Amino acid sequence: MSSDISVIIKPTQLENLEAFLEDYTIKEDLDIKKLDNPAKYQIADIGGYCSCWCKNINQQSYWQSGEQARR
Amino acid sequence: MSSPYHIFSTRDNEYIYSTLSNDIVLIDDLTSKIINSIFRENKQFGQTIDALKKDHNLENIVNSCSLVKKLTSNKIISENNKINLLKPELPKKPYSSTLVIGLTEQCNFRCLYCSYSGNYLGQREHSNLKIDLDTSLDTINQLADMQNQKIHIGFYGGEPLIEYKKIRDIVAYSKKKFDKTTYSITTNASLLKKDKISFLIDNDFITVISLDGPKNMHDKWRRTISNDETFEKIIPKLELIKDLNSEYYEKKVGFNCVLTPPYEFFKIEEFFNTELFKKNQVNFIQVNMYDSKLKFKELDENSSRQLEILKEKYIQDLIENRPEERPKIVSSIYEKPIKQIFDRVKNPLLKFPINGPCLPGIHKLYLNSSGIYQICERSVQTLSIGDIRNGIDFKKSDKILSDYHDFVRDKCKDCWSSRLCGLCEVSPLKNNVYDKERLDEQCDIMRNTLHNSLIMYARVIEKNPNAFISLFKQ
């Protein structure tokens with residue numbers, strides 16, 4: 001058995017964008033400008049900020065510095 | 001669909017916040033249009049360019065497309081990568097480092113908006129139920145068996161000072177069982193007398209006093225059982241604490257202020273900046289409108305305007321290095337999400353635990369007056385994690401995390417705020433069960449708060465890049 005169905009893979013949006021850019025010379029130096037520099041990943045990326053003061057107290061410094069619990 | 005992102009604007013600039021990389025990157029309006037068109041609205045690329053050519057010159061379009069390409073190659077935005085939100089895991093050897101004891105369900109006040117007033121669906125009401133001293137001490141023994149280095153014990157009620165003698169006994173006992181102990185209490189302050197204040201000072205308690213601002217605002221809601229006004233009963237207690245030890249008063253006494261309609265923010269801010277309060281921390285909480293028989297109005301035009309003016313002052317105070325003058329209301333509402341933004345970590349991560357929920361029984365263990373362990377004082381017995389007889393059931397803690405994860409993950413994986421979110425296991429509860437509609441409401445509020453927080457954060461950093469470093473690292 002054979003099949004005549006051919007699968008057409010549509011280019012992705014990004015591939016279309018890249019194909020579009022191939023026709024042009026990029027003149028401007030386009031650096032990515034970040035607003036700030038977040039900390040490196042070193043602690044578990046977990047822990048919210050429940051409105052309850054007790055969770056903050058767990059960190060012990062809340063009343064002095066506005067710290068919050070992040071474990 | 002692309003990885004989640006959020007575009008927001010300050011007065012001067014436009015930014016994209018990337019959930020994937022946790023970066024905040026400067027973009028222009030044209031780049032923002034291209035990103036939204038091809039990644040969010042999923043319009044054909046050619047169609048997008050044709051539409052833009054009507055209002056923009058080709059060179060700018062090319063430059064913006066080039067920036068979009070760069071954002072994708074740096075994994076700030078991705079067409080294919082999906083984020084995967086994991087269930088937070090309990091430590092292998094779990095232990096509780098904070099115990100909050102609901103000493104009694106009795107209270108000498110009958111504040112109309114109180115969760116326990118009978119005006120709220122699914123909440124307990126005031127009763128004469130009190131905890132046994134032995135029950136509290138047994139819990140302390142159970143916790144000390146897990147680790148005996150340090151513990152924080154919070155005393156909660158009802159009005160916990162009704163059970164003052166038990167507080168003394170629990171404090172004395174806990175000091176024998178743990179190397180380091182810290183304490184806090186949430187009180188209406190009406191029962192404070194010299195001996196009790198001295199005890200709190202001697203044991204370095206964090207004392208959180210409920211006070212709703214100027215007399216008329218406070219007395220409107222906060223009444224005794226016999227419906228008497230309470231403001232005049234409290235102020236002399238505060239003066240007494242200050243007289244006894246002004247340093248303790250300024251550093252260790254804080255206030256919980258419930259914001260109620262008509263939300264007169266200017267008057268409340270002014271009140272908490274008068275001599276008696278200006279150095280104290282104040283935690284502002286909007287009155288609980290959910291599942292209430294009372295109908296609370298939302299913020300009206302005037303109160304919204306007042307809040308906007310205070311937000312503007314907050315921004316300017318930080319830009320001009322006057323953090324000590326920043327409005328307390330804005331600080332209380334927005335500084336936690338802003339800190340969450342400040343504390344975010346870089347690296348593109350495709351998998352990370354859901355942000356927000358606490359680890360039940362680990363971040364905090366709440367012992368209610370019936371001897372049942374709950375995840376916090378806001379939760380109901382459906383989120384119980386054992387009892388005094390059988391100990392803390394960390395399997396139940398894990399089940400609570402699993403249930404929450406199952407309930408929210410499909411919604412979270414496409415949400416731009418999932419790495420900054422502060423919703424927790426209690427947030428989607430309606431009448432003690434998880435409710436999709438309640439979750440949607442809470443998500444909208446959270447995203448709105450985070451959107452505003454991102455704008456405030458960026459506006460400050462644009463003018464004073466070190467403002468939050470000095471605020472949070474002090």
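**Strand β8 of chain B and its surroundings**

In the predicted model, strand β7 (residues 180–187) of chain B runs parallel to β8(B) and is joined to β8(B) by four bridges; strands are DSSP runs of E of at least two residues and helices runs of H or I of at least four, numbered from the N terminus, and two strands pair if DSSP finds at least two bridges between them. Within this pairing, Ser184(B) stands opposite Ile206(B). Together with helix α6 (residues 194–202), the two strands form a right-handed β-α-β unit, in which, with the strands pointing away from the viewer, the path from the first strand over the helix to the second runs clockwise. Four bridges also link β8(B) in the parallel sense to strand β9 (residues 253–259) of chain B, where Asn256(B) stands opposite Ser210(B).

Strand β8 (residues 206–210) is mostly covered, with five of its five residues buried, that is, with 20 or more other C-beta atoms, placed from the backbone, within 10 Å of their own. In a regular strand the side chains alternate between the two faces of the sheet. Ile206(B), Val208(B) and Ser210(B) point one way, and Thr207(B) and Ile209(B) the other.

Ile34(B), located in helix α1 (residues 29–40), is buried because 23 other C-beta atoms lie within 10 Å. Its contacts (C-beta atoms within 7 Å), not counting residues up to four places away in sequence, are Thr48(B), Ser64(B), Cys65(B) and Val68(B).

Residues are numbered from 1 along each chain as its sequence is written, and chains are lettered from A in the order in which they are written. Local features need pLDDT of at least 70, and side-chain atom pairs count only at pLDDT 80 or more, whereas totals for chains, interfaces and linings use all residues.

Technical notes
Buried ≥ 20, exposed ≤ 12 C-beta atoms within 10 Å, placed from the backbone. Contact = placed C-beta atoms within 7 Å.
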